[in-house]
Amino acid sequence: MSYDRQSSSNSDNSSIQRITLGLGCFWGPEAWLGALEGIVHTCTGYAGGTTAHPVYRQMGDHSETIQLDYRPDVLPLETLLQLFWERHRPEGINTYKDSRQYRSIILYDQPFQLDIIQHLQNEQQARQSTEVQLCTAFYPAEERHQKYYLQRRPDVLAALESLFTSREQALQSLLAARLNGWSREALTATDIIAELDHWQEPLDEQQREQYRALLISLT
């Protein structure tokens, strides 16, 4: 499975930027993060270690993480990181099972992000337990771990797949990220409909109406 998406090389708020977060098992966090307006892509995977080509059963020294593409003009990194720290207790995650599989970890994409991370981290002692690294490698998890809760709704996933040329393409979409959040009741179908006209994802009017029709069926 390949996820080749180009991230911003600067702090321009009009561009899409990338960050990778770990806060325990990646299924639940991918769902609630994917529900946030401003998130445009989510992918679960393995990062933060040195093991080559990790897989779920042989993760080596990597951690479960979620790679995010986000619009900082809609969801500033400061807000995203505040939510990240609100949703878990870093020290508790780091000592769970005494392994690196579940770590509180932030892997930044660009140097300006590190300044923001360090500023926020210094505001609270508990945040010091979060590991911070430059993201030098990210290995997407197997398909069964992508949009895990959406995949537990085969009827909805089948409807989504019908709008794309492959399951992989469907699972990579912005709509899949939102529907994964919907599957965990992090937002409603009505919430997603209200966003459609503002999505930067390339949508022609026919595609937008197909998305809208799917979402209306879920209200």
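# A Guided Tour of the Predicted Model

Begin by selecting Ser162, which is placed in the loop between helix 6 and helix 7. The structure on display is a predicted model. Ser162 has a relative accessibility of 57% and therefore counts as exposed, the cut-off being over 50%. Although Ser162 and Glu86 are 76 residues apart along the chain, their C-alpha atoms are separated by 37 Å.

**The loop between helix 6 and helix 7, and helix 10**

Return to the loop between helix 6 (154-161) and helix 7 (167-172), and select Phe164 there. Then select Tyr211, a residue of helix 10 (residues 205-216). Is each of Phe164 and Tyr211 buried or exposed? Both Phe164 and Tyr211 are buried.

**Aromatic rings**

A pair of aromatic rings is described by the distance of the centres and the angle of the planes. How many aromatic pairs does a search of the whole structure find? The search finds seven. One of them joins Tyr148 and Tyr149: the ring centres are 5.1 Å apart and the planes stand at 85°, so this pair is edge-to-face. Tyr149 counts as buried because its relative accessibility is 15%. For the rings of Phe164 and Tyr211, the centres are 6.4 Å apart and the planes meet at 45°, so that pair is tilted.

**Helix 2 and helix 4**

Select residues 77-86, which form helix 2, together with residues 111-121, which form helix 4. The two helices pack at an angle of about 45°, and their axes are 10 Å apart. Helix 2 is therefore oblique to helix 4. The crossing by which helix 2 passes helix 4 is right-handed.

Display the side chains at this contact. Which residues of helix 2 meet helix 4? From helix 2 come Leu77, Glu78, Leu81, Gln82 and Trp85, and they meet Gln113, Ile116, Ile117, Leu120 and Gln121 of helix 4. Sorted by class, the contact comprises six nonpolar, three polar and one charged residues.

**Thr65 in strand 3**

Move to strand 3 (residues 63-70) and select Thr65, which has its place there. Thr65 has a relative accessible area of 0% and is therefore buried. Show the residues in contact with Thr65, leaving aside its neighbours within four places in sequence. Among them are Thr20, Leu21, Gly22 and Phe26, as well as Cys43, Thr44, Gly45, Tyr46 and Ala47. Ile105, Leu107 and Phe138 are also in contact with Thr65.

**Two residues with positive phi**

For the next stop, select His53 in the loop between strand 2 (39-47) and strand 3. His53 is not a glycine, yet it has a positive phi of about 55°. Because its relative accessibility is 66%, His53 counts as exposed.

Finally, select Glu185, which lies in the loop between helix 8 (174-183) and helix 9 (189-195). What is the value of phi at Glu185? The angle is positive, at about 60°, although Glu185 is not a glycine. With a relative accessibility of 75%, Glu185 counts as exposed.

Technical notes
Residues are numbered from 1 along each chain as its sequence is written. This is a predicted model: local features need pLDDT of at least 70, side-chain atom pairs count only at pLDDT 80 or more; totals for chains, interfaces and linings use all residues. Side-chain values use heavy atoms; hydrogens and water are left out. Axes are lines fitted to C-alpha atoms, for helices over the stretch in contact, and angles run from 0 to 180 degrees between N-to-C directions. Helices (H or I, at least four residues) and strands (E, at least two) are DSSP runs, numbered from the N terminus. Angles under 35 degrees count as roughly parallel, over 145 as roughly antiparallel, 65 to 115 as roughly perpendicular and the rest as oblique. A crossing is left-handed if the near helix is turned anticlockwise from the far one by less than a right angle, and right-handed if clockwise. Contact means heavy atoms within 4.5 Å. Ala, Val, Leu, Ile, Met, Phe, Trp, Tyr, Cys and Pro count as nonpolar, Asp, Glu, Lys and Arg as charged, and the others, Gly among them, as polar. Buried means under 20% relative accessible area, exposed over 50%, partly exposed in between (1.4 Å probe, protein chains only). Rings of Phe, Tyr and Trp (its six-membered ring) pair if their centres lie within 6.5 Å; planes under 30 degrees apart count as stacked, over 60 as edge-to-face and the rest as tilted.
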